[in-house]
Amino acid sequence: MEVIVAVLFIVFFFVVFFRSGTAKALFSWESAEHKGAVGEGRVAHILNDFPEEYFCFHDLCFLTDTGSVQIDHLVISVYGIFIIETKNYKGWILGSEGAELWTQSVYGRRYEFRNPLRQNFSHHCALAKILNVPRFKITPLVVFVGSAVLKCRTKSAVIYSFQLSDFILSRRENQIFTQEEVQELLRKVETENVVEVEKRHEHIDSVKQCVEKRQDLINHDVCPRCGGRLLVRNGKYGTFRGCENYPRCRFTTR
């Protein structure tokens, strides 16, 4: 009897422990930073196999008038410039072009994350200014690595990692830059890229502060996009909070 009681106690302990936040913290060795690094590593491996006429950069950091931007991958060639934002997710990915947040659905649980198209748009604008080229010569891409299933409604390119090579290499019909212009672009990237560890840490701290400030506004039912009130609404997937200034402002959150 004592043995049975002891076994039942141990089973009960493990059930409670593994369902707790403590167990999740201890055993979830793949942190967000680690998963991001793994995803970027896989995309870098794909890009590094490109023909020599393509020049690939990874983990770039540029200073701008309003702060700094970190770019996962950049490809420069006579056929254009490609700026790539990498995401390493699993489950269903739901989102639309202009939404503030997208949703990751894993086994019925939903998690929100910032719309990567909007994130890459700011990188796109900053890079066009830094390199002094028209934005239409830069193609933004969002690439998902892992077991994600894309359920997005977008006009912009949101693709799987296995589609990346075909997407970029298929754009060889038109030559956008001369060889001399490509060399000048490469020089600018090498010159403007921030390599100092301290400044890169400042960029990370700045991003964290922006995320915390945004979340604080949401927690107080304030729209982080326009400052309006967040109201509870009913939608296809249940209740959510939306900005009172809809349709002028389309910010939503759970």
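This is a predicted model: local features need pLDDT of at least 70, side-chain atom pairs count only at pLDDT 80 or more; totals for chains, interfaces and linings use all residues.

Me: Where is the place of proline 247?

Reply: Proline 247 sits in the loop between β11 (238–243) and β12 (252–253). Residues are numbered from 1 along each chain as its sequence is written, and side-chain values use heavy atoms, with hydrogens and water left out.

Me: What makes the peptide bond from tyrosine 246 to proline 247 cis or trans?

Reply: Its omega is near 10°, and the bond is cis. Most peptide bonds are trans, and most residues other than glycine have a negative phi.

Me: Which phi does tyrosine 107 have, and why does tyrosine 107 count as buried or exposed?

Reply: Phi of tyrosine 107 is near 50°, a positive value in a residue that is not glycine. Tyrosine 107 lies in the loop between β5 (101–106) and β6 (109–114). Buried means under 20% relative accessible area, exposed over 50%, and partly exposed in between (1.4 Å probe, protein chains only). Tyrosine 107 has 82% relative accessibility, so it counts as exposed.

Me: And what about aspartate 221: why is it put in its accessibility class?

Reply: Aspartate 221 has 35% relative accessibility, so it counts as partly exposed. This residue also has a positive phi, about 55°, although it is not a glycine. Its loop runs between α7 (197–219) and β10 (230–235).

Me: How many disulfides does the count come to?

Reply: A disulfide is a pair of cysteine sulfur atoms within 2.5 Å, and by this rule the count comes to 0. As for accessibility, cysteine 56 is at 22% and therefore partly exposed; cysteine 152, at 21%, is partly exposed too.

Me: Which strands form the open sheet of 5 strands, and in what order?

Reply: The order is β1-β2-β3-β7-β9, with mixed pairing. The edge strands are β1 (55–64) and β9 (157–160), since each pairs on one side only. Two strands pair if DSSP finds at least two bridges between them; strand β7 (residues 138–145) and β9 are joined by 4 bridges and run parallel. Within that pair, valine 143 stands opposite isoleucine 159 in β9. Helix α6 (residues 179–192) packs on this sheet, touching β1, β2 and β3, and its direction makes about 55° with that of β1. Such angles run from 0 to 180 degrees between N-to-C directions, with axes fitted to C-alpha atoms, for helices over the stretch in contact.

Me: How many strands form the sheet that contains β4 and β8?

Reply: 4 strands form that open sheet, in the order β6-β5-β4-β8, and the pairing is mixed. Its edge strands are β6 and β8 (148–153), each pairing on one side only. Strand β4 (residues 91–96) is joined to β5 by 3 bridges, and the two run antiparallel. Leucine 94 stands opposite threonine 103 in β5.

Me: Which residues touch the most other members of the largest nonpolar core?

Reply: A nonpolar core is a set of buried Ala, Val, Leu, Ile, Met, Phe, Trp, Tyr and Cys residues joined through side-chain atoms within 4.5 Å. The largest one has 38 residues, and those touching the most other members are Leu74, Ile76, Ile81, Leu127, Leu141, Leu164 and Ile168. Apart from that core lies another, of 11 residues, among them Tyr89 and Phe144.

Notes:
Contact means heavy atoms within 4.5 Å.
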